[in-house]
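Please keep the sequence and the structure in view while working through the numbered points.

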Amino acid sequence: MNKENFLTDNPDILFHLEKRTDVTTLFEWTLPEDKEILSANTPDEYRKIWLDMLEGYGEFCGSVVASSVEQVEKEDLILKDGEVQIGPTMKGIVDGLLEMGIPALSIASKYDGLGAPFFVEMVTCEIGNRACPSMVLNAGWWGPIAHIIEQFGSEELKSEYIPRIASGEFSGNMALTEAGAGSDLAAIRTYGEEQADGSWILNGSKQFISNGNSQVSLVLAMNKKGATSLSDLSLYLCPSEVDGKKNIHVTKIEEKVGLHGSATCELLYKDAKAYLLGESGKGFKYMLRLMNDARIAVGFQGLGLMEATLRLAKDYASQRKTWDKPIAQHELIAEKLLDLEVETRGFRSLCYQAAQTKALIYAGEKFLQANPDLSKEKREEINAKLKKYNSRVRRWTPLIKYIAGEQSFRHARTALQIHGGYGFTKEYRAEWWVRESLIYSLYEGTSQIQALMCMKDTLKEIVAKPKDFFESAFGLKVKALSHSDPIRKKLYKMKEEFHKSVMGILFRLVKSNVKNSLADVSGTDLIKMVKRLRRDLIKFDELRPALLHAERICEMKSLIAVAEAAVWDIEDDPERSWIAERLVNTGLPRISYLHSEIDMDDPIIEGILDRYAQASKES
């Protein structure tokens, strides 16, 4: 077994944890009981505790887990008498995590946890996924499930379930997806019925449930039979067993192209006893909190895979020689390796900024709740920060999920390509990483769902503050022409191209939906146009210009967000400027190309969509 450590062998992770994480504010907002259980008296001590813990986890992943993946791949999951049996190798890995106390990592100390901040939990996702993605799906649910129960469960549910999750006795899953419903949550047919004792019974089924063999299922279901509205969705805690009897039935283990060491299950709820979490009818809102955190976690999973495929490609390319030199030194391969590294490190910058910001949000919310006697000024100061942090995370979350879904597959495929014919064999495991990468564009909302969210938020922000949008567009044009720093100059140019693209979509929305001629709105009266858009957008029947280009807008915003995060890093380490420079050098022409596609108004796709619309009217 190789003695490797997936934390300490990665200086880029250490840079973010040591230089780019605001531990001072985080420590200030951490509850006294969480500090006490760690014996942390200063921000530096607090940081070191988590670094030490992550170092131990990194060694376990690098030395134990990574050397076990080939065996994990060979061992089948077995469904017997409604019970899922994972392979012995994966079971040994999970047992090792239990011995390390990983289930308790991010759970609050009052429920026997360690109270780790959100970013620590996310680092374990990256490190773990670099070793074995299946392990992360077996072991990544303790904290997230406990957090939802803590926030929305009754005191009785909290005391009964969270300590058992912290000990590793229980794990959990998020049961949302149904056959035929997918992302259309109003089409969910699983429903609950309240009982005289205040409990509920659930009837229905769920599909594609990761970790479906766990002891606790958080189920999104209608609060009455036949309901069809999002406002009828509720969130329920459903235990797998009640009084020693099966309460949830695993009816199928999905045969998947990858992730062979994790159970993706079909679940049947037949008069299954359950307990309402929070208020009836607010399940959609509650589940969004878990889903948005999960989407950031998918970003870190994709990041771990990108790190693994980068190292695999570099190692092979440095050893494989053609024409008397390693292929890593041939121009075409050298550029591919450069972009694999730059894109990985740029994406890491964005992910770690999002994770530490989310950690501050959670710590700040708990701090305000635990300190009702804070002065008005202090409370307003913290609330102002939290508002800013929430805005950032809201903007970044779909982008992070989108990048993970699209870029991790491309990186895995590039690594396979660099291996040539060997990549198509199982000798170097390049093909395995390609199969493992396919999931990230699918679960927790497909890439296209993220693009639609991104477009919705973009339009919502513009119509809410049209003046800010146009003033920003003008300011970017000036900065793109006059800024002395060539890296920032190109970054501003990327943003300017993005604004132009959005402007084109706005014009088309108005043209498609407002009877007045577009000529009625002069070029100097753009704010009037957007005010009209704000008034009429919810009434628009024709949203095609926005929907058609949603993914292009999402990709643009993703390229800008990654480049911007890399530029911020230069403030703490000027030697990282080459990363930001390469990102803007490749990002600017890509954004210009996407802009030209949006401006094209391709008649072929327009004609196809017109025919679909006409056929729909006739039917």
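1. How many of the 37 residues of helix 11 are buried? In this predicted model, helix 11 is mostly covered, with 26 of its 37 residues buried. The helix comprises residues 283-319, and its end C-alpha atoms lie 54 Å apart.

2. The overall architecture may be considered next. The protein contains 22 helices and 13 strands. Its radius of gyration is 25 Å, close to the 25 Å given by the globule rule for 619 residues, and the protein is therefore as compact as a globular protein of that length. Taken along the principal axes, the box filled by the C-alpha atoms is roughly 70 × 70 × 60 Å.

3. The interior and the contacts deserve a separate remark. Of the 619 residues in the protein, 55% are buried. Among contacts between residues at least 6 apart in sequence, 76% join residues that are at least 24 apart.

4. The surface and the charges follow. The protein exposes about 28,200 Å², and carbon and sulfur atoms supply 52% of this area.

5. Two residues call for attention to their backbone angles. Most residues other than glycine have a negative phi. N211 is not a glycine, yet its phi is positive, at about 60°. N211 is placed in the loop between strand 5 (200-210) and strand 6 (216-222). Because its relative accessibility is 5%, and buried means under 20%, N211 counts as buried.

6. Is L259 buried or exposed? With a relative accessibility of 5%, L259 counts as buried.

7. The last point concerns a proline. P88 lies in helix 6, which covers residues 88-100. At 61% relative accessibility, P88 counts as exposed, since the cut-off for that class is over 50%. How far apart in space are P88 and V72? From C-alpha to C-alpha the distance between P88 and V72 is 8.2 Å, while in sequence they are 16 residues apart.

Technical notes. Residues numbered from 1 in each chain as written. Predicted model: local features only at pLDDT ≥ 70, side-chain atom pairs only at ≥ 80, totals over all residues. Heavy atoms only, no water. Helix = DSSP H or I, 4+ residues; strand = E, 2+ residues; numbered from the N terminus. Rg over C-alpha atoms; globule rule 2.2 N^0.38 Å. Buried < 20%, exposed > 50% of the residue type's maximum accessible area, 1.4 Å probe, protein only. Contact = heavy atoms within 4.5 Å. Areas by Shrake-Rupley, 256 points an atom, 1.4 Å probe, with all protein chains shown as cover. Expected span 1.5 Å × (residues − 1).
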